[in-house]
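Please open the structure in a viewer and keep the selection tool at hand.

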Amino acid sequence: MRPDNLSLSTPPSFSPLVVRFGAFGDMLLLIPMLKVLRRRYGQPCELISSGRWTAPLMQRVPACGPVRLLTSRRAPYWFNSSQLKWVAALRKRPAGPVYIYEPDEKSHFLLRLGGVSPEWICSLRDLPREPEESIQHHALRLARETPAALKDIEAFPADPAYAPDARPTLNESDRRDCEDWVRARGLDSTPLVLLQPGNKKTMRRGRRTRPSNIDYWPEQRWARVIEGVRQHMPAAHVLICGSPEERALADDIVSQVNGPLGGFSIATDDLPIPRLLTLQARAHSMISVNTGPAHGAATMGCPLVVLFNRHKHRATDLYAPQSTTAPVKIILPDSLDPEANL
């Protein structure tokens, strides 16, 4: 049923509300969905998410407007101030389309508390994944759904031919920051090969070699990769990327590199999200485990090799099809034995 305050002759524009609590790579794959919704409804999306890096990323996506972060969506409602504040904001928000790209009930629970009517909601749980459908294409398919409240209005068609890429829009300040950083390291005219050996699983408590660390690749093998790059590209410089928490892993890799020093360095303390994306846009290539920065490289057109240690069945699900201007090579395991390494 169409709400009485909507006019068929002069339909309003909306700022769609999108709910997605994803890791860095998940949010990159969400960007095409935001672009589709911006085009459909005439205004940038509001985003409910988590993670301190989300805002810097989405500030570079014109299709995304205000970002609100929940410190925890799993915490009990009455004991989490971010959930309480969001529900209070929802109660003041005008009615409009809501898109939930989350499979659990908590998002629906909070929206109900905020007074959001189900007729405005398009949800992942009502739109199952199709066989072999990628995460990105699934999100795009959800963006082309229309809330029941707008079914009678023809002004919000979903163009199935419009499939935007996931690339954020870097600004001049981002490019200048990256150039200054590269120049300060004496690498402004040097081909850069990026290595991303760790991810959040690697940095959890416990031994890196524990069976649950399914993306682990031994430090000595990463050291051999550095040696191989130096041998085949003597003019290049290898940058070991990651978060500050991954510094110990990078140090352990460097300690096992044979041969003379030089031609590689550690950058784990120096790569906020905007600088990482800008660096990927100019780098020669990247070699990575399955992690968010690898999605960043694919998105920014950086030639990419991804190591899938024990996830052969998930490679297509996560990385293909991914719009990019450069090749993406996925190296799959020879064995699905959980004890096997590449």
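**First stop: a buried loop residue**

Select Thr268, which is placed in the loop between strand E8 (264-266) and helix H9 (273-282). Helices (H or I, at least four residues) and strands (E, at least two) are DSSP runs, numbered from the N terminus. The model is a predicted one, in which local features need pLDDT of at least 70 and side-chain atom pairs count only at pLDDT 80 or more, while totals for chains, interfaces and linings use all residues. Residues are numbered from 1 along each chain as its sequence is written, and side-chain values use heavy atoms, with hydrogens and water left out.

Thr268 is buried, with a relative accessible area of 1%. Buried means under 20% relative accessible area, exposed over 50%, and partly exposed in between (1.4 Å probe, protein chains only). Leaving aside neighbours within four places in sequence, Thr268 is in contact (heavy atoms within 4.5 Å) with Ile240, Cys241, Gly242, Ser243, Pro244, Glu246, Arg247 and Ala250.

**Second stop: H6 and H9**

Next, select helix H6 (residues 172-184) together with H9; their axes come within 9 Å and cross at roughly 75°. H6 is therefore roughly perpendicular to H9. Axes are lines fitted to C-alpha atoms, for helices over the stretch in contact, and angles run from 0 to 180 degrees between N-to-C directions. Angles under 35 degrees count as roughly parallel, over 145 as roughly antiparallel, 65 to 115 as roughly perpendicular and the rest as oblique.

Which residues of H6 and H9 meet? From H6 come Asp174, Arg175, Asp177, Cys178, Glu179, Trp181 and Val182, and from H9 come Pro274, Arg275, Thr278, Leu279 and Arg282.

Leaving aside neighbours within four places in sequence, Leu279 is in contact with Cys178, Trp181, Val182, Leu192, Leu194, Leu239 and Leu271. In the largest nonpolar core, of 61 residues, Leu279 is one of those that touch the most other members, along with Val18, Met33 and Met58. A nonpolar core is a set of buried Ala, Val, Leu, Ile, Met, Phe, Trp, Tyr and Cys residues joined through side-chain atoms within 4.5 Å. H1 supplies the largest share of this core, eleven residues. Another core, of 20 residues, lies apart from it and includes Ala223, Val229, Ile287 and Val289.

Now select helix H1 (residues 24-41) and helix H10 (residues 292-299), which pack at an angle of about 30° with their axes 7 Å apart. The two helices, H1 and H10, are therefore roughly parallel to each other. Phe24, Gly25, Leu28 and Leu29 of H1 meet Gly292, Pro293, His295, Gly296 and Thr299 of H10.

Keep H10 selected: eight of its eight residues are buried, so H10 is largely enclosed by the rest of the structure. After H10 comes Gly301, with a positive phi near 80°.

**Last stop: Arg20**

Finally, select Arg20, in the loop between strand E1 (17-19) and H1. Is Arg20 buried or exposed? Arg20 is buried, with a relative accessible area of 10%. Beyond neighbours within four places in sequence, the contacts of Arg20 include Asp26, Leu30, Ile48, Tyr101 and Glu102.
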